Amino acid sequence: MSTLLIVGGDVVTMAPGREVLTGTTIAVVDGRIAALGTAETLRGRYPGATELDATGCVVTPGMINAHQHTTADPLTRSGIPDDIDAQSAIFDWAVPLHNAHTGGDDEISAMLTGAESLRRGVTTIIEPGTVAHPMRVAAGLRKTGIRARLNGWGWDTEGLPFSAPAAEVLARQEEIVTELGTTGRIAAWITLLGHDLVSDALMQGAAELAERLDTRMTWHISPGQNDIPGYAERSGNRPVVHMHKIGVLGPRLLLGHAVWLDDDEVDAIVETDTAVASSPGAYLRLGQGFTRANRHVALIRRGARIALGCDSHNANDVPDILRAAMLFTGLSLDRGDENPVHAHEALALATIDGARAIGLGEEIGSIEVGKAADLVVFDTSDPVWTPRGDEALQLVWGAPSHTVRDVVVDGEIVVRDQELQNVDYDDLRQCAAENSHHLLRRTGITPFRRWPRIAAADLEATSGGPAAPGAEHRAAGKTGESACP
């Protein structure tokens, strides 16, 4: 029996009563929360337990990221320009990068995403679409210790890379679910690309497969307006209404985005208990109209299950769910939503409500006896916590992800004193840099640079003095860096 005591923190439970338990110790036995109480009592009950001192710290449930791509973009972070539209960003940049990814690239990308997520207090991610090497992605995520659900992206539109007939797509999905299982820390869902690139037969087959395998599924729809004409031509209906008519909505489905909805689509989501993952940072980065079209607050007020996501590194740049929570509530307030979402509700979207949206509300998302011990310890000695105020306000508006000190997943300490315990981060950084170099060479893509980069040696003019301020820089575009071997 493994026993861990997290001693003396102020515990933001996110339990039904939303209690904050001050100076409280959490006992973790074999990965589950066994008791909450005083250090004295629990030390007596569990002699010899490993201790993690959280005195003066804030302890929260692990954050839920319900929409986080892990491949391609992590190796080209901040490399896609932000002055192009979403279609160009996807098809001129992201798709070629995915096409060139090796299995090693996918594994390193996943490790990098998992490591960064844990450092920001995210303990669970839903990978809504990796492409070529899902088992390598699973291996990379497993190495970090994070909790995740994933599969290989599927679609059956002819002429697209990685496309296949519906039966082949479903067979591959089932194979991966069978291999990874549906209940472990790393497990499998059914993941389709979605948009207007998936046939009715494939969507219906996916819904039947998820039911038979007792797992869940996720796909993309309507982050912008581009999916609407395709479904209008296909059936004369809006996308979500069409899905309702063919019988694929329901509690097993998590829709990524679902931003551009009309009233009938909102009704369909609510009536079928379909969940939605909202990634506000991505919609802002890609200019997809979230401030104009978003119906997510209306869905929340009608009882729909909503979670937060961060999408991909070149659409949102950082897998930080507390930042997503801040954006979600800030945009709701600024839009003047009727009954807007406030910080305490946004924190729930990041934790217990997010867990419910992905079907794990009985397992994670709050600090309650019997649940899995997915926990985050925040170091409150940082100025962002000084003085201490309302926990929900500070967690959402204070942007304190940089103060994550320790992270526990399934009772295992995976980050301690801001150091990853399962991954040598220096090695990971070096490997990511090398893989990025070779990936870009294979694709022929030059990372976007807004400003010229000039090596220090090239600042010297031929006379030996510094270059004149107005002089044309001969070294524009050079990096001054050594190429990776």
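This is a predicted model: local features need pLDDT of at least 70, side-chain atom pairs count only at pLDDT 80 or more; totals for chains, interfaces and linings use all residues.

Entry one, a helix pair. I looked up helix 3 (residues 103-119) and helix 17 (residues 425-443), which pack at an angle of about 135° with their axes 10 Å apart. Helix 3 and helix 17 are therefore oblique to each other. I noted their crossing as left-handed. On the helix 3 side, the contacts include Ile-108, Met-111 and Leu-112, and on the helix 17 side they include Leu-428, Ala-432 and Leu-439.

I found an open sheet of five strands in the order 10-11-12-13-14, paired in parallel. Strand 10 (190-194) and strand 14 (306-308) are at the edges with a single partner strand each, so one side of each has no neighbour in the sheet. From one strand to the next, the twist averages 25°. I then checked strand 12 (residues 253-257) against strand 13 (residues 275-278) and found three bridges in the parallel sense. Gly-256 has Ala-277 in strand 13 as its bridge partner.

Which residues touch the most other members of the largest nonpolar core? I got Met-203, Trp-219, Met-243, Leu-255, Leu-347 and Phe-378, out of 115 residues. Helix 6 (residues 200-213) gives the most to this core, with seven residues. Apart from it lies another core of 16 residues, including Ile-367 and Val-408. I also followed Leu-347, whose contacts beyond four places in sequence include Val-12, Met-63 and Leu-395.

Conventions
Residues are numbered from 1 along each chain as its sequence is written. Side-chain values use heavy atoms; hydrogens and water are left out. A nonpolar core is a set of buried Ala, Val, Leu, Ile, Met, Phe, Trp, Tyr and Cys residues joined through side-chain atoms within 4.5 Å. Buried means under 20% relative accessible area, exposed over 50%, partly exposed in between (1.4 Å probe, protein chains only). Helices (H or I, at least four residues) and strands (E, at least two) are DSSP runs, numbered from the N terminus. Contact means heavy atoms within 4.5 Å. Two strands pair if DSSP finds at least two bridges between them. Axes are lines fitted to C-alpha atoms, for helices over the stretch in contact, and angles run from 0 to 180 degrees between N-to-C directions. Angles under 35 degrees count as roughly parallel, over 145 as roughly antiparallel, 65 to 115 as roughly perpendicular and the rest as oblique. A crossing is left-handed if the near helix is turned anticlockwise from the far one by less than a right angle, and right-handed if clockwise.
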